[in-house]
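Thanks for making time this morning.

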Amino acid sequence: MAYASARDGIKLYYEETGSGTPLVFVHEFGGDYRSWEAQVRFFSRRYRCVAFNARGYPPSDVPRARAKYSQAIAVDDIADVMRHLGMRKAHVVGCSMGGSPR
């Protein structure tokens with residue numbers, strides 16, 4: 001299993017496939033990284049695709065403290081996954097909670 005570390009030490013599970021311009025998929029409240037399976041399968045033919053589980057969604061860590069969750073922290077988590085994978089920039093694709101602006 002592949003994990004990236006968030007700046008506060010939380011482990012974030014991710015899966016990566018394909019090569020090319022990076023696409024990062026961010027799931028909705030009622031799903032997880034698997035919600036993007038069809039899109040990842042299609043786009044990985046031409047793009048480097050990463051789908052990850054947000055904090056609180058196993059196998060990513062599930063912090064108990066409410067202070068460990070916010071939209072700003074979620075944005076930082078996306079940046080931390082990208083940084084871990086050496087991505088300077090990427091197209092970020094989100095649905096519902098995963099597409100909320102900061």
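What follows goes from the conditions of the model to its fold, its surface and charges, and then one hairpin.

This is a predicted model, in which local features need pLDDT of at least 70 and side-chain atom pairs count only at pLDDT 80 or more, while totals for chains, interfaces and linings use all residues. Residues are numbered from 1 along each chain as its sequence is written, and side-chain values use heavy atoms, with hydrogens and water left out.

The protein has two helices and five strands, taken as DSSP runs numbered from the N terminus (helices H or I, at least four residues; strands E, at least two), and their order from the N terminus is β-β-β-α-β-α-β. The radius of gyration is 13 Å, which agrees with the value near 13 Å for a compact globule of 102 residues; the radius is taken over C-alpha atoms, and the globule rule is 2.2 Å times the number of residues to the power 0.38. The C-alpha trace spans about 40 × 25 × 25 Å along its principal axes.

Of the 102 residues, 38% count as buried, that is, under 20% relative accessible area with a 1.4 Å probe, protein chains only.

Tyr-3 has Tyr-13 in strand 2 as its bridge partner. Five residues lie between the two strands of this hairpin, and Gly-9 in the turn has a positive phi of about 90°.

Key: Buried < 20%, exposed > 50% of the residue type's maximum accessible area, 1.4 Å probe, protein only. Pairing = 2+ DSSP bridges.
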